[in-house]
Amino acid sequence: MILLVIDVQKGITDERLYAFDEFRKNVRRLIDEARKNEIEVVYVRHDDGEGSGFSAGDGAFEIFDEIRPHDGERVFDKKVNSCLNRNVGLIEYLQNRHIQTLIITGLQTDYCVDATIKSAFENGFEVIVPEGCNSTRDNAYMSAEATCRFYNESMWPGRYAKCISVEETILRMKEHVPHALTNTVSPCGTGRIETERLILRAFRYSDVPSMMRNWVSDDEVQWMYGEPSYKTKEEVTALLDEYIGRNQSGYYYRWAVIEKESEECIGQVAYFLVDSDNRFAEIEYCIGTAFQGKGYATEATKAVIGYGFDKIGLNKVQICVRPSNKASGKVIKKCGFKEDGTLREYFFRDGAYEDRMYFSILKDEYEL
């Protein structure tokens with residue numbers, strides 16, 4: 001169980017909201033009770049984009065002072081209505097922490113709150129909506145009061161959520177027994193790694209030009225990587241929306257590969273599949289054509305394997321390759337992977353089938 005506080009930001013939290021005083025009093029009370037009962041409080045902020053006045057760096061973007069987070073409490077930023085959109089990272093965070101119940105509060109009822117409630121339902125969460133803990137403003141079609149009543153009394157109950165009183169919600173908090181995370185990986189995210197010739201770090205929007213120059217727009221590189229090529233700045237920026245947004249979860253591990261000498265982004269390396277319960281992950285990488293044959297893939301892969309064992313807490317790292325990808329086969333051998341087996345005729349590409357070969361390395365083998 002967590003308490004989710006959506007978009008209660010300075011720019012929209014004021015007397016224009018329906019039942020404003022009741023709303024802020026109720027949300028404050030739920031936050032206090034959650035903290036007393038060791039229930040995590042997670043905040044979300046909406047970002048309308050640079051120059052909107054409601055974006056990172058703007059006063060209106062910050063969380064309303066009366067309910068601001070304590071040190072250590074998680075804050076997720078989003079550019080879409082639903083907090084559970086994959087580009088936000090929150091759903092990965094919740095799933096890796098085995099959260100089953102969401103208590104949803106915040107703004108605005110008919111926008112981000114509604115979108116999140118329906119998305120939470122579709123993703124299998126139990127959803128609790130406490131009475132008087134979401135609000136909105138008048139719009140061109142309905143008053144704020146009518147809007148709140150429609151969603152809280154007609155739309156959500158019995159379909160998407162349990163709409164109950166604040167008192168009943170607090171009782172549920174007091175009865176809740178937290179799930180013990182005894183066998184999971186660390187939510188350390190994409191930490192900075194430095195090797196002899198490379199810097200591995202989280203992606204930034206400023207990487208777009210060098211990504212396009214070096215690899216992400218290259219049809220052959222992306223074909224070998226198993227991804228489409230991205231030809232426009234807008235397409236690459238949309239890709240980074242996912243990479244950067246999901247990194248907020250702490251359970252997302254994807255590095256930009258930066259060549260120290262040129263300061264160019266020459267590729268990427270990632271754990272694209274992570275099984276937090278069984279403590280293994282599958283690694284993938286790609287390096288731009290002009291930088292291949294220099295040992296960069298091996299250097300980056302070895303560094304990320306070490307990070308996986310030492311920081312994330314993995315027991316096994318696995319990798320797969322098509323037999324035709326001879327260059328990757330050499331990298332796999334240099335990194336010390338052992339062959340596990342082959343899935344025959346797994347891929348169908350360009351009119352022909354190709355096997356999928358699996359290799360892995362265990363923590364004990366790595367330490368040796």
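Residues are numbered from 1 along each chain as its sequence is written, and side-chain values use heavy atoms, with hydrogens and water left out. Because the model is predicted, local features need pLDDT of at least 70 and side-chain atom pairs count only at pLDDT 80 or more, while totals for chains, interfaces and linings use all residues.

Let me begin with the interior. In soluble globular proteins, nonpolar side chains tend to be buried together. By a nonpolar core I mean a set of buried Ala, Val, Leu, Ile, Met, Phe, Trp, Tyr and Cys residues joined through side-chain atoms within 4.5 Å. Buried means under 20% relative accessible area, exposed means over 50%, and partly exposed lies in between, with a 1.4 Å probe and protein chains only. The largest nonpolar core here has 62 residues, and Leu90, Leu200, Tyr271 and Phe337 have the most contacts inside it. Helix H9, residues 296-312, supplies the largest share of this core, 9 residues. Helices (H or I, at least four residues) and strands (E, at least two) are DSSP runs, numbered from the N terminus.

Which residues does Leu90 touch, leaving aside its neighbours within four places in sequence? They are Leu4, Val42, Val44, Phe76, Cys83 and Leu84, where contact means heavy atoms within 4.5 Å.

A second, separate core of 27 residues includes Leu3, Val5, Phe20 and Ile103. Leu30, in helix H1 (residues 20-36), is buried, with a relative accessible area of 0%. From C-alpha to C-alpha, Leu30 and Ile103 are 9.5 Å apart in space, although 73 residues apart in sequence. Apart from neighbours within four places in sequence, the contacts of Leu30 include Leu3, Thr105, Pro130 and Met173.

I turn now to the sheet. An open sheet of 8 strands has the order S8-S9-S10-S11-S12-S13-S15-S14, with mixed pairing; two strands pair if DSSP finds at least two bridges between them. Strand S8 (193-194) and strand S14 (338-349) stand at the edges with a single partner strand each, so one side of each is left without a neighbour in the sheet. S14 and strand S15 (residues 352-362) run antiparallel and are joined by 8 bridges. Ala352, in S15, is the bridge partner of Arg349.

Next, the charged pairs. A salt bridge is a side-chain nitrogen of Lys or Arg within 4 Å of a carboxyl oxygen of Asp or Glu. How many salt bridges does a search of the whole structure find? The search finds 30.

One of them joins Glu66 and Arg24, with the closest N and O atoms 3.1 Å apart. Glu66 lies in the loop between strand S2 (40-46) and strand S3 (75-78), and Arg24 in helix H1, so the pair ties together parts that are 42 residues apart in sequence. Glu66 is partly exposed at 36% relative accessible area, and Arg24 is partly exposed at 24%.

Another joins Asp241 and Lys79, the closest N and O atoms being 3.7 Å apart. Asp241 is in helix H8 (residues 233-246) and Lys79 in the loop between S3 and helix H2 (90-96), so this pair ties together parts that are 162 residues apart in sequence.

A further salt bridge links Glu299 with Arg197, at 2.8 Å between the closest N and O atoms. Glu299 belongs to helix H9 and Arg197 to the loop between S8 and strand S9 (198-201), 102 residues apart. Is Glu299 buried or exposed? Glu299 is buried, with a relative accessible area of 15%, whereas Arg197 is partly exposed at 27%. Salt bridges that share partners also join Asp21, Arg24, Arg28 and Glu66 into one network.

Finally, the backbone. The peptide bond from Leu107 to Gln108 is cis, with omega near -20 degrees. Gln108 is located in the loop between strand S4 (101-107) and helix H3 (109-122).

Asp7 is not a glycine, yet has a positive phi of about 55 degrees. Asp7 sits in the loop between strand S1 (2-6) and H1, and is buried, with a relative accessible area of 2%. His98 likewise has a positive phi, near 55 degrees. This residue, His98, is in the loop between H2 and S4 and is partly exposed, with a relative accessible area of 29%.
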